[in-house]
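Here is a short walk through one model, written for someone who likes to check each detail by eye. Please keep the viewer open as you read.

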Amino acid sequence: MEVAGGWKSQMLLLLFLCLAALQEPLEEKEECIVEGQNITFGCGYNFGKYFRAIKAWQRLGASGPFETLAQTMNNNGEPSFIQVGRYLLEDDPPNSMLKVTILELQREDAGLYQCVIYRPPQVVDILYRPIRLKTCNEFPVYALILVCGLLLFKIVVFSLLLLLLRKARVTGDVAPLTPSFHPEDNGKQ
Ligand SMILES: *[C@@H]1O[C@H](CO)[C@@H](O)[C@H](O)[C@H]1NC(C)=O
């Protein structure tokens, strides 16, 4: 039983590590960069508080603080649209939504971004979650899924085997040496 217990906890630990590795960090939304593709994010906001506020799209600078890439104009709560280079900002107050699009993604776009309520030069509120754009190497993810799948498969097979073994042992222990007759057993064998 000691051996089986050790095996079980090791498998559980491995399984846990697998699941942890497959999960993205809770605080950030992660997206893979597909070069040449457009990507759009929706940052919802509190309409009552911010429908007239300036909203901005920011990127964490190499030197530390977030830098503003594009910002909406001060408006009267009307829908507005602005483009700065490859960044499109669409403020849609009726739907309490700031839509941000990055056109034609490039590898250099990798980094951490955020949608904010902006009262230059101050950030008043951060909307949604920080968004991390990263270049994804497809292979390790597939390898990870493969390993985790194999592990799960092994666990299932091993558990079934253990169950069968235990069942076989139990029936072996209980089975009478000489068959006895029980009317209710009729048709069960
Ligand atoms: C990206 O968006 C621009 C502007 O809306 C559009 O002209 C272009 O075809 C889009 N590119 C892709 C790959 O969808």
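Which residues make a nonpolar surface patch of about 340 Å²? The patch is made by L13, F16 and L17. Patches are built from residues with over 30% relative accessible area and no salt bridge, where like charges are joined within 9 Å and nonpolar side chains (Val, Leu, Ile, Met, Phe, Trp, Tyr) within 5 Å. Accessible areas come from the Shrake-Rupley method with a 1.4 Å probe, and for residues only the protein chains shown count as cover. L13 sits in helix α1 and counts as exposed because its relative accessibility is 53%. Here buried means under 20% relative accessible area, exposed means over 50%, and partly exposed lies in between (1.4 Å probe, protein chains only).

**About the model**

This is a predicted model, in which local features need pLDDT of at least 70 and side-chain atom pairs count only at pLDDT 80 or more, while totals for chains, interfaces and linings use all residues. Residues are numbered from 1 along each chain as its sequence is written, and side-chain values use heavy atoms, with hydrogens and water left out.

**Overall fold**

The protein chain holds three helices and nine strands. Both kinds of element are DSSP runs numbered from the N terminus, with helices (H or I) of at least four residues and strands (E) of at least two. Along the sequence, the pattern reads α-β-β-α-β-β-β-β-β-β-β-α. Of the 189 residues in the protein chain, 26% are buried.

**Strand β3 and its partners**

Strand β3 (residues 54-60) is largely enclosed by the rest of the structure, because six of its seven residues are buried. It pairs with β8 in the antiparallel sense over six bridges, and five bridges join β3 to strand β4 (residues 66-71), again with antiparallel strands. Two strands are said to pair if DSSP finds at least two bridges between them.

In β8, W57 stands opposite C115, and in β4 the bridge partner of W57 is A70. The hairpin of β3 and β4 has five residues between the strands, and G64 there takes a positive phi near 140°.

Q58 also belongs to strand β3, and at a relative accessible area of 3% Q58 is buried. Its side chain makes a polar contact with the side chain of T68, at 3.0 Å. A polar contact is a pair of N or O atoms within 3.5 Å; within protein, one must be able to donate a hydrogen and the other to accept it, and residues adjacent in sequence count only if both atoms are side-chain atoms.

**Salt bridges**

Side chains of opposite charge can pair when their charged atoms come close. How many salt bridges does a search of the whole structure find? The search finds seven, a salt bridge being a side-chain nitrogen of Lys or Arg within 4 Å of a carboxyl oxygen of Asp or Glu. The table gives some of them.

| Salt bridge | N to O distance |
|---|---|
| R132 and E28 | 2.7 Å |
| D109 and R86 | 2.8 Å |
| K99 and E90 | 3.8 Å |

R132 forms a salt bridge with E28. This pair links distant parts of the chain, 104 residues apart: R132 lies in strand β9 (residues 122-134), and E28 in the loop between α1 (2-22) and β1 (29-32). R132 is partly exposed at 28% relative accessibility, whereas E28 is buried at 16%.

D109 is buried at 2% relative accessibility, while R86 is partly exposed at 24%.

In the pair of K99 and E90, K99 is partly exposed with a relative accessible area of 36%, and E90 is partly exposed at 34%.

**Around the ligand**

Which residues are around the ligand? They are G36, N38 and L103, where a residue counts as near if one of its heavy atoms lies within 4 Å. A polar side-chain atom of N38 lies 2.3 Å from an oxygen atom of the ligand. On its own the ligand has 360 Å² of accessible area, and the protein covers 36% of it.
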